Amino acid sequence: MEKYCIHGGKRLTGTIDISGAKNAAVAILPATVLASDVFVIENVPRISDIFAMVQILEELGATCKFLNKSTLEIDTRNVQSRPLSSALTKCLRASYYFAGSLLGRFNYASVATPGGCVFGGTRPMDMHIKGFMELGAMVPPANVPLDPEKIEAKADKLIGSYIYFDKVSVGATINVMLAAVRARGITVIENAAREPHIVDLANFLNLMGCKVMGAGTNSIRIEGRQDLHGTNYSIIPDQIEAGTYMVAAAATKGDVLIRNVIPKHLDTITVKLRECGVTVEEFDDSVRICAEGRLKPCNLKTLPHPGFPTDMQPQFTTLLAMCDGMSVVTESVWDNRFNYLNQLRRMKAEVEIEGKHAIVHGVEKLYGASVIANDLRAGAAMVIAGLCAEGETCIGDIYHIDRGYEDIVEKLQACGADICRKEFPDEE
Ligand code: EPZ
């Protein structure tokens, strides 16, 4: 079993280049099956979620080839709507986007239940299913009870519709967009998610010949089209990867230039870092983070975009755990995204959970310990904690981190961190 081992206490200094956005890439790759053609996608992050996506595309009959480190060519001319088994879908959450894109292209999709991060609560799909049904799909086919093991959706033809989501959902917005672009007529998605990856997917779909308007607002209007084609596209930089390194730089009292970012996408993270006393300089496509001395506490609340991203909550809470005073962190997107605090407590953080709130009493120092990555962003939080802690931190279950951070060890080493990936005997 592999672990990350970190000797903490080194300031991060230098430059980090951000990779393409995972959560945009995992929506754009499934969108390629909407047309029978060749696509060239640039700025694709080399992470295990993408390798799993490529495997699913190949299972469906696509040919995928990396032309260089981050450019992926996808040929979908031989794609068919085959049932996707859990062996393929359980590797990542976004495998369920094939339900939307296969339904859109073939009027049929059978996709086993997805995997991905589990935060302790549930990750329901009721709004995805509601959206497909509003477009005229039968989910499951008539008279068959809902199957907890898979989503099976079928339609004679998809018809554009008015869809209102009771709650803002990134996944349901994307899945319905993927199906609706090939429906007859107009679909309106109200109370849609507004994350940068929704806009990126819409831009990609429009280059394929779709007509998607309003992405980035809470009302998306889609005119269905049948004549879609391949295109070349470059994925936006990863907002959460950038945010993670911004917080790591601040937490280690470092001085780091983070390149290949869209500073606007980082606004809420920048604001909160400044509240803590961190200097954040913004340039056209980079940000520089400098911090010194003990940082100030601040309160934060996660919200759908443009609010503070839930995917930055564990990393930021880790920073607050070392600030000079008490902070209150409110998690309002996921029911239970504080599981990782048990790990942080092993490193002598002082944190209590009260319902949706974490009460963080900043300590002067964290101490190295043996911890695990509970999930992807929790794992990133452990890396930040390890970079700051006195002594050695060994992080297990790092496959979670590998799902979303390209070359994390190399990027941190280049800024002076003492971190390595080590093989350990499997534990009983
Ligand atoms: C996406 O998950 C991201 N994953 C998550 O990032 C991120 O935490 C989340 O959006 C919120 O920003 C991907 O993009 C692959 P949601 P998703 O549907 O789409 C409820 C990471 O670390 N809900 O926006 O699954 C749900 O329970 C990952 O990169 C329903 O009630 O999230 C939650 O409370 C982890 N019914 C809220 O909506 C539904 O049908 C938001 O979930 C769907 C969701």
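1. Four strands make an open sheet, ordered β16-β17-β19-β18, with mixed pairing. The edge strands, β16 (300–301) and β18 (350–354), each pair on one side only. Strands pair here if DSSP finds at least two bridges between them. Strands (E, at least two residues) and helices (H or I, at least four) are DSSP runs, numbered from the N terminus.

2. This is a predicted model: local features need pLDDT of at least 70, side-chain atom pairs count only at pLDDT 80 or more, and totals for chains, interfaces and linings use all residues. Residues are numbered from 1 along each chain as its sequence is written, and side-chain values use heavy atoms, without hydrogens and water.

3. Look inside the sheet. β17 (326–330) runs antiparallel to β19 (357–361), over five bridges. Ser 327 stands opposite Val 360 in β19.

4. Now helix α2 (residues 48–59). Its twelve residues reach 17 Å from first C-alpha to last. That is close to the 16 Å expected at 1.5 Å a residue (1.5 Å times one less than the number of residues). Gly 61 follows α2, with a positive phi near 110°.

5. Which residues of α2 are buried? They are Asp 49, Ile 50, Ala 52, Met 53, Val 54, Ile 56 and Leu 57. Buried means under 20% relative accessible area (1.4 Å probe, protein chains only). These buried residues pack against several elements, including α1 (22–31), β4 (63–68) and α4 (97–106). Contact means heavy atoms within 4.5 Å.

Methods. Buried means under 20% relative accessible area, exposed over 50%, partly exposed in between (1.4 Å probe, protein chains only).
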